[in-house]
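Hi,

Here's the structure I promised to pass on.

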Amino acid sequence: MLARVAENVYWMGRYLERIDDTARLINATTHILIDSHRDTGFSWPVLVDVLGEDSERFIKEEHSASERAVMHCLIAAENSTASIRYSCSQLRFNARCVREVIPRDIWEELNGLNLFMQEQCLHASNRHKRYTLMVEVIRRCQMVIGVMDGTMLRDDAYHLFNIGRLLERADMTSRIMDILILHQLLPASGPRGQRGIQWHAVLNALGGVESYQRYVTREDERSDVIDFLMSCRVFPRSISYCLDRVREEAAFLPHNDSLLATLEALRRQMDDQDLAVLDVEGLHALIDTLQSGLNDIHTVLMSDALRLSVA
Amino acid sequence: MSDVLALEQYEPYAGFFDELVETRGTPRPHALPIARFIAEQGGSALVERQQLLDDTIRAMGVSFTVYSDSQNIDRSWPLDVVPRTIPSGLWKRTSDGLKQRLEALNLFINDLYNDQRILKAGVVPASLVHESRNFLAPCQGITPPHGVWAHICGTDLVRDETGQFLVLEDNLRVPSGVSFMLENRTVMKRVFPELFARSTISPVDDYPRQLWSMLASLSPRPDDTPVIVILTPGIYNSAYFEHSYLAQQMGCYLAENTDLLVENDTVYLKTLRGNRRVDVIYRRVDDVFIDPDVFRPDSVLGVRGLMGAWRAGRVAIANAPGSGVADDKVIYAFVPEIIKYYLGEAPLIDNVPTFLCMDDKEREHVLANLDSLVVKPANESGGYGILIGPRSTEQERAEFAEAIKAAPRNFIAQPTLNLSTSPTLCDGQLEPRHLDLRPFVLQGAELYCTTGGLSRVALRRGSLVVNSSQGGGSKDTWIINDEG
């Protein structure tokens, strides 16, 4: 495969995952609001931070911190890199550049997802419609994954697509932990056992409520949500799981020495840290390390495995 | 009940050949099953199917790119719900004629770049070739594999008022449209599965395999599986959809110029796993752009050293650089003579009558009859720069007259054709619309012609302009067995 094409396939994976994760986050946070008492002080612009944008700047530019303004930014805003609509355009753009390496059914699913989103994104005016729209977006993302699983050659393109998805997923999980849990929902700092947070809603955003429940009651009753999201090796949205899987996929790629080494270094840093003793400050620092580690993996993948000059 | 009459009420234009009906209410024999289907379904069902068809095309992402306001916009491909029908007996003779024509044109091109026997014999004026900007000096002395230069040809055919096929032009440079021929059929099969059961309609889907085999037959390393690359100008090119579609269907690489490099007259593809030798390049870039060292130094689409590798016979390029010398509307006028000269045969398909402005007498005739003729520049494509006499203004005619006098060699003129029609769904009704046909002919080790081709239809009433960039539509082309 051509290096140029490889990069597009990787970005396809990243954008597809981002669309899926954002839709889940939107529905889950709406649930938090429905469930919560007024005094939790949950503020919508925090979601802008989760998507990697600056909420303070957002409030200043939009003159609003309302649910409506934030949801527009996350769903339908054409020029906001945080919006699902933007990610759908980018997904299709990247897919258009690599049509020759993906089977026709996958192209049709991706193209259909983008068409659907461009047409429907402005019809999420109330919470009910928004919920239905997000469910459909999630479903369509899963369709793409399913068709890929069933039809695509297990060659470099497939591995790069998966690496893109897994890195984006790890990144999103880390930001949800960092911003939603630590900043927003954790009333007081403290070691394990006292982190009384709204884990239910957060796990909801990650589709992990039932998995967590089963894991805690059967495997490790001392595990809390942070432990689970950080280090559960069998939960597909945990950091450990994502890094394990990236390593499996990276093993198939050419020129992967530095990529594997970078991955290994990050995994060791994560494994060496005993989460039980960390207070909130310590957890923040650990998540910072994690996020810069994920960045390094991206950079090394581009510069060494794909041999692209990184701007 | 008015629905049932949709086709009964269809009124073909007087003086034109309609391909579906002989006269109002009388379908042609090979089109009877379709006519019956339309009558059964009725007009409103056709409108519904048209909607379904448009939705299918959007979902499939079949698009072409138009440039407007310096933006590139993907537009959905326009396909009419009513197929265009051609009886197989007629098609057999036509495709034989197309193969005959391409075979002769390739002998002609190879002769021009080598011995120039045809010029010495005075069959084609030597000045015509020597003054042609499509005659590329760096190609002289080369004989590509099988002596073939134009491997992929998209000939434009029209049918006159008697229904006879005529060649309108030969497209030997980088003809496009075949992906739409293939996708039109895919869409029609999804939308009209039951209609296909009523007639014997020839399939079209072996084209990608035929194209691959033809390209493979050019490989300089015939004993190995060839590495075949489609060279595209990139994602912003108007035909990018087709480039990626053909790469996908053939399973070959789609490369931009920066993905290729040449060392020691060998072309390599830069892959994730190192450089891979390239055997055959199907270029979708104009020949004068392929190598800035040899042709246009300002080309940002080319690959340095590519011409050297080709001249050394270490890579095949389709169509070979320089093929465009035979794709010139003045040369076109000589094709019947060219066929006779090389093959000793009469042409199986005629040309449209053509006046050469370089000839004093013919130019006088053209200038005196601008209001009834179609004037075309010798070297443009896409329907640009054409004067359609009966629809022109006095000022346009005056401008063309000046241009013709200034550079007579650059213009030809043809009578306004009575292009055939076919019923087309327009605002919920079936109306006659003019169409042409672009079959694709391949020549490598062997000759091949598509079953049918891409039918383009002028959607505006009375219009003869079928180009999709100028508001034309398309139809699926059905070659229907009428030979038992």
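**Aromatics and the A/B contact**

B:Tyr245 counts as buried because its relative accessibility is 3% (buried means under 20% relative accessible area, with a 1.4 Å probe and protein chains only). B:Phe241 is buried as well, at 6%.

Before the rest: this is a predicted model, where local features need pLDDT of at least 70 and side-chain atom pairs 80 or more, while totals for chains, interfaces and linings use all residues. Residues are numbered from 1 along each chain as its sequence is written, chains are lettered from A and ligands numbered from 1 in the order written, and side-chain values use heavy atoms, leaving out hydrogens and water.

Back to that pair: the ring centres of B:Phe241 and B:Tyr245 are 5.8 Å apart with planes at 25 degrees, so they are stacked (ring centres within 6.5 Å make a pair; planes under 30 degrees apart count as stacked).

Now the interface. Chain A puts 28 residues into the contact and chain B 29 (contact means heavy atoms within 4.5 Å). Together they bury about 2,300 Å², 42% of it on carbon and sulfur atoms (that is accessible area lost on being put together, 1.4 Å probe, summed over both). On chain A's side, A:Arg96, A:Arg99 and A:Arg104 lose the most area, together 30% of what that side buries.

The rule finds six salt bridges across the interface (a Lys or Arg side-chain nitrogen within 4 Å of an Asp or Glu carboxyl oxygen). One of them joins A:Arg104 to B:Glu183, with the closest N and O atoms 2.7 Å apart.

Cheers

Definitions and conventions: Buried area = accessible area lost by both parts, 1.4 Å probe. Phe/Tyr/Trp six-rings, centres within 6.5 Å; stacked < 30°, edge-to-face > 60°. Buried < 20%, exposed > 50% of the residue type's maximum accessible area, 1.4 Å probe, protein only.
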